[in-house]
Amino acid sequence: MALINDTTLRDGEQAPYVAFNTEEKLRIATLLDACGADELEIGIAAMGVKERDDIKELLALGLKARMMTWNRMKMEDLDASLSCGIKAVDLSIPVSDLLIDVKFGGSKAKVLSELERVVTSATREGLFVCIGGEDSSRGSHEFIKEVMELARECGASRFRYCDTIGVMTPTQTYTAIKSLCDLNLLPIEMHTHNDFGLANANALSGIDAGAISMNTTVIGLGERAGNASFEQILMALKHLYGEARPIDAHLIRNLVQTVAAAANVALASNAPVVGENIFAHESGIHASGMMKDSHAYEPYEAEEVGLQSSFPIGKHSGSATISYHLARMGITADTGILRDMLPKIREIVTSRKRVLDISELKSLYQDAICI
């Protein structure tokens, strides 16, 4: 079963204009744990005293999920995390030539030296260590292999493959991760960004290739276009990968709404899993099919995520939708009148850009009868 390592409280909060207070962090962590996150990345201890105090409060919750901090591959970052009582860390270091130039003056020897020094210290402290390979997707296979070999020798437990600027395709991801998994050096975790809308697909492609873990954020919150989405990945693992993950509709909606409110982000009405309109069927063909079988045009039950199927009366509605709503009002509709009503309904909806409500439909039908 794939692990979900959620980083809403770290990478999610790094989204521009987002800042969580302590109460929000505690609520988000509690809900993530209840919703099935296996691990939580809960902050950056090196940011300062307030961040370290928050990390300590999060640890004190005693949640089931393993909690870890994000750190640069620096002793001062590691020491800051140790002071919080953390038992697991991600130690991030660049692995692409571009970022090694920016951060280490182009010296791969310095990268490896710092990795050896910090990871050895972390493992001596008994920490679970994940190596964050920053910009892995633009790094060379040979150098990533070298990093993984040294990290394993120093006692690291996992390697985080980071598509830091979201430039991979699912096919490229599969190929890259399969080649690293075949080395049998360290288990792989996927850290994918959504710059081209491929974060979820790349994360799952990595799992297909042999990775064991994925980073997510609630509503895909994160740097630039964000990360793989917690709620979407959770549902994909259950319904597309057949994992036994119980999903509580109330908790999922509570989590999503909590994060959206804390981040001051509006949810799109067509957002997968949580959008309020994703189970609304206006197209006449779709609505007619749904009325005959609820699985006709829905991949899972709306109630699973706290929603309900609906049939708005709009431009593309057919006679089945009109008949359905009239029947619920106790009216057995005349098919000829229904057919004549459709052009009028389309004209009204198109001109005002808003669907009809039930009372308007009833009034239109009664007027049509009187003509």
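A charge sits over a ring if NZ of Lys or CZ of Arg is within 6 Å of the ring centre and within 35 degrees of the ring normal. In this model, the charged end of Arg66 does that with the ring of Phe128, 3.8 Å from its centre. What you're looking at is a predicted model, where local features need pLDDT of at least 70, side-chain atom pairs count only at pLDDT 80 or more, and totals for chains, interfaces and linings use all residues. Residues are numbered from 1 along each chain as its sequence is written, and side-chain values use heavy atoms, with hydrogens and water left out.

**Charge over ring**

- Lys108 lies over the face of Phe143, at 4.8 Å from the ring centre.

- Helices (H or I, at least four residues) and strands (E, at least two) are DSSP runs, numbered from the N terminus.
- Strand 4 covers residues 88-94, and seven of its seven residues are buried, so the rest of the structure largely encloses it. Buried means under 20% relative accessible area, exposed over 50%, and partly exposed in between (1.4 Å probe, protein chains only).
- On one side of strand 4 you'll find Ala88, Asp90, Ser92 and Pro94, and on the other Val89, Leu91 and Ile93, all buried.
- Strands pair if DSSP finds at least two bridges between them. Strand 3 (residues 66-72) runs parallel to strand 4, with four bridges joining them, and Asn71 stands opposite Leu91 in strand 4.
- Getting from strand 3 to strand 4, the chain goes through helix 4 (residues 75-82) in a right-handed β-α-β crossover. Right-handed here means that, with the strands pointing away from the viewer, the path from the first strand over the helix to the second runs clockwise.
- Strand 5 (residues 128-134) is also parallel to strand 4, joined by seven bridges; Pro94 has Glu134 as its bridge partner there.

**Aromatic pairs**

- Rings of Phe, Tyr and Trp (its six-membered ring) pair if their centres lie within 6.5 Å; planes under 30 degrees apart count as stacked, over 60 as edge-to-face and the rest as tilted. That rule gives two aromatic pairs.
- Phe279 and Tyr300 have ring centres 5.6 Å apart and planes at 75°, so they pair edge-to-face. Phe279 is in the loop between helix 11 (249-263) and helix 12 (284-292), and Tyr300 is in the loop between helix 12 and helix 13 (319-328), 21 residues apart.
- Phe279 is buried at 3% relative accessibility, and Tyr300 is buried at 14%.
- Phe311 and Tyr324 are edge-to-face too, at 5.1 Å centre to centre and 75° between the planes.
- Phe311 is buried, at 10%, whereas Tyr324 is partly exposed, at 26%.
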